[in-house]
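Visitor: Hi! Could you walk me through this one? I'm new to it.

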Amino acid sequence: MDNPLRWFEIPALDLDRATAFYENAFAISLRRESCGGHPMAIFPFAEPNPGGALVAMPQLAPRDNGTLIYLDGGADLAAILARVPAAGGTVAMAKMDLGNGIGYIGLFIDSEGNRVGVYSPN
């Protein structure tokens, strides 16, 4: 197993609002689909890399204290964190140096109440 991550799902109460949040904060476009009758907004990805989506399912609820995923923060995650408030979220932890040349992380609470991380090598 080279990489244990294959797919992730971020719960959304309002998929339109959540899609707008991530598209604005990350400056990307998400692809809308449905799987098993549940609406999804798929993050851009290319095989064989892992992918993920925002999902609206009654059995999934947004959380700020559950599993924590870190999304790609690009060249400098500070740009994403700067867009989070205008997109409808809050910055929970500003850009922080992990030390030892490991890189940088930051945390935000998205429009749905999920705690999500971003990682960048710079």
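Predicted model: local features only at pLDDT ≥ 70, side-chain atom pairs only at ≥ 80, totals over all residues.

Visitor: Where is threonine 19 found?

Guide: Threonine 19 sits in helix H1, residues 15-26 (a helix is a DSSP run of H or I, at least four residues, numbered from the N terminus).

Visitor: Is threonine 19 buried or exposed?

Guide: Buried, because its relative accessible area is 5% (buried means under 20%, exposed over 50%, partly exposed in between, with a 1.4 Å probe and protein chains only).

Visitor: And what does threonine 19 touch?

Guide: Leu30, Arg32, Ala41 and Leu54, not counting residues up to four places away in sequence; contact means heavy atoms within 4.5 Å.

Visitor: New topic: how much space lies in the largest pocket?

Guide: About 480 Å³, a volume being the space filled by probe spheres set on grid points joined across faces, edges and corners. A pocket is an open set of points on a 1 Å grid over the protein atoms alone where a 1.4 Å probe fits, with protein on both sides within 12 Å along at least five of seven lines; lining residues have an atom within 4 Å of a point.

Visitor: Which residues are closest to its centre?

Guide: Phe8, Pro44, Pro50, Leu71 and Asp72, out of 18 lining residues.

Visitor: And the second largest pocket?

Guide: That one holds about 250 Å³, and 14 residues line it.

Key
Residues numbered from 1 in each chain as written. Heavy atoms only, no water. Helix = DSSP H or I, 4+ residues; strand = E, 2+ residues; numbered from the N terminus.
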